[in-house]
Amino acid sequence: MSERESMPYDVVIVGAGPAGLSAAIRLKQLAAEAGSELSVCILEKGSEVGAHILSGAVIDPKALDELLPSWREDGCPLAATPVTENHHWVLSEKGKSSFPEFITPPFLHNKGTYTGSLGNLCRWLAGKAEELGVEIFPGFAAAEILYHDNGSVKGVATGDMGVARDGEHKGDYQPGLELHAKYTFFAEGCRGHLTKQLIRTFALDKGSQPQIYGIGIKELWDIDPALHVPGRVIHTQGWPLTKGANGGGFLYHQADGQVALGFVTWLNYKNPYLSPFQEMQRWKTHPEIAAILKGAKRVSYGARAISDGGWQAVPKLVAPGAALIGDAAGFLNVPRIKGTHTSMKSGMMAAEAAFAAVGAGREADELAAYPEAYEKSWVYKELRGVRNVAPLVKKFGDKFGTILAGAAMWSELLGIRWPFTMQHKPDNESLWHASEAPKIDYPKPDGVLTFDRLSSVFISNTNHEEDQPVHLTLKDPSVPIDYNLPVYAEPAQRYCPAGVYEVVGEGDDLRFQINAQNCVHCKTCDIKDPTQNINWVVPEGGGGPNYPNM
Ligand SMILES: Cc1cc2nc3c(=O)[nH]c(=O)nc-3n(C[C@H](O)[C@H](O)[C@H](O)COP(=O)(O)OP(=O)(O)OC[C@H]3O[C@@H](n4cnc5c(N)ncnc54)[C@H](O)[C@@H]3O)c2cc1C
Ligand code: SF4
């Protein structure tokens, strides 16, 4: 018999990101409109709402306008900085050319968008949700999916607290809590730990392309007020990435004299010697970027994977008793680098389906009304129109691929549907063997513009209880040294943006060391490990980064 206590809810939501919070708000709004009661709770693994949220962000307010139409007058921090300028630069090593706006489709112009911290938007949304009666439990990671005897989803359990590294119970041991629900929404964001299990259990990806990803590495800088132009938005492509890698940079002038800047490397990169962290540091040394950061001070650092698979990688959205919402299902519009509005809208559509089902006395069945609503929604239309953009750039490279992607976007916009949808290959299958790959010589950090990983991780404020089971689990502990090292020069040493993985020792005493307490929960290792040997599981609740306003 389980020693865990259980709590019943109508809807349990895993993850207090924009998707989970929007779903919760919509559920409560519908209940209030109908004069009925509906219990909703959200579990959040971060120590507070927003602590694990990392985004750009330039946000299309479309879903926010639908959900909370008076958000601009209601203290929402996003309202502070409307986007005023939109630039797209193509970088060479020392120079840049600007992409004229008129040749790009209007939806890339960022008209009517806002720039700000997604973490702060989530904090504000959480306040709205609580006002409506949503129970939010920060510091509680959902660690296990619970099932009814008939196989439908019954809810989730939070992880046990107070378990030592060797599995023994410590003095402060507390068993996890079971949260039972008529419907459970998985809103874990990109590459969710439970989402991965749910997709596998119900073969939700049977009819879709594999999901593919990028790794976004971001910093916040306080810049010289004379150089700060609130609302100026810059995207870059080209340098420093070379053959076999795609991605690009972003630099957003936000409120309070800060710029949010970062670099996304698509995780299908081929050279095992590539380090996304070092590419990002190098990108800042470009004369055009360095000029903006002259005399500036770095105040925060973090990283997070981003779903790039688009329309063709969206899995089946429902299983009995469960729904996938937000980036857990991969609703990101790649050329716009925007997933907040689509994630929010997906949460709202799932909420509407669940509210109707609960009202009709149903539970633990498939919410078919949610995928039906998705297929009729602007989210579906928006994602379908750009479905070939990322695959074209990946297949044909930055220059020719971008031209083809532009043609694809324009023709879909003008109603000329391309008669095919390009396919994806899983990111873990893309690496060249180290013996065939050129080594990359990254410059040393200067401590002013560029930094090393450990001093960067320090300002992510990441923190984990040290005496707990390692949450970066290896299916086979021999793989890193016996296979990954000779074949791929163990790429985990370079793709992890937090320096978690090291190969230490010499000769016959080589060991794979996992510095789990540094982890910033970006999920890159879970995605990029060549044999999928690394399985990221949730650590004790509250552990991980403590981002201020990422
Ligand atoms: C570098 C970068 C730049 C981006 N730029 C933009 C942009 O400019 N504009 C834009 O619109 N979008 C942008 N995006 C995408 C956008 O951030 C996502 O689409 C959006 O955050 C998805 O929302 P979500 O609620 O699905 O997931 P998330 O925002 O990832 O939220 C998921 C939440 O669930 C929690 N969680 C996860 N697992 C568990 C668990 N097991 N138990 C409890 N809690 C859990 C997490 O801690 C987190 O708080 C960017 C993303 C990145 C990485
Ligand atoms: S250990 Fe994995 S999830 Fe953690 S920071 Fe490194 S790559 Fe990201």
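Modeller: Let's start with a word we'll need soon: two residues are in contact when they have heavy atoms within 4.5 Å. Before going further, know that this is a predicted model, so local features need a pLDDT of at least 70 and side-chain atom pairs count only at pLDDT 80 or more, while totals for chains, interfaces and linings use all residues. Residues are numbered from 1 along each chain as its sequence is written, chains are lettered from A and ligands numbered from 1 in the order in which they are written, and side-chain values use heavy atoms, with hydrogens and water left out.

A pocket here comes from a 1 Å grid laid over the protein atoms alone: it is an open set of points with protein on both sides within 12 Å along at least five of seven lines, whereas a cavity is a set of points where a 1.4 Å probe fits but cannot get out. Lining residues are those with an atom within 4 Å of a point. Grid points are joined across faces, edges and corners, and the volume is the space filled by probe spheres set on those points. On that basis, the largest pocket holds about 1,100 Å³ of space.

So who lines it? There are 43 lining residues, and H88, T236, Q237, P335 and T402 lie nearest the centre. The elements that give two or more residues to this lining are β4 (85-91), β14, β15, β16, α10 (389-396) and α11 (398-413). Those labels come from DSSP runs numbered from the N terminus: helices are H or I runs of at least four residues, and strands are E runs of at least two. Helix α11 gives the largest share of the lining, eight residues. By class, the lining splits into 22 nonpolar, 15 polar and six charged residues. In that scheme Ala, Val, Leu, Ile, Met, Phe, Trp, Tyr, Cys and Pro are nonpolar, Asp, Glu, Lys and Arg are charged, and the others, Gly among them, are polar.

Now zoom in on T402, which sits in helix α11 and is one of the residues nearest the pocket's centre. Is T402 buried or exposed? Buried means under 20% relative accessible area, exposed means over 50%, and partly exposed is in between, using a 1.4 Å probe and protein chains only. T402 counts as buried because its relative accessible area is 19%. Leaving aside neighbours within four places in sequence, T402 is in contact with F99, Q237, V393 and G397. Q237 is another of the residues nearest the pocket's centre.

Next come the strands on the lining list. Strands count as paired if DSSP finds at least two bridges between them. Strand β15 (residues 247-253) has a partner in β14 (residues 232-238): they run antiparallel over four bridges, and V233 stands opposite Y252 of β15. β15 is also paired with β16 (residues 258-266), again antiparallel, over seven bridges. There, F250 has G262 of β16 as its bridge partner. β15 and β16 form a hairpin with four residues between the strands, and D256 in the turn has a positive phi of about 60°.

How many residues of β15 are buried? Seven of its seven are. In a regular strand the side chains alternate between the two faces of the sheet. In β15, G247, G249, L251 and H253 point one way and G248, F250 and Y252 the other, with all of them buried.

Two or more residues each come from α4 (193-201) and α15 (524-528), and α4 gives the largest share, four residues. The lining of this second pocket has 10 nonpolar, nine polar and nine charged residues.
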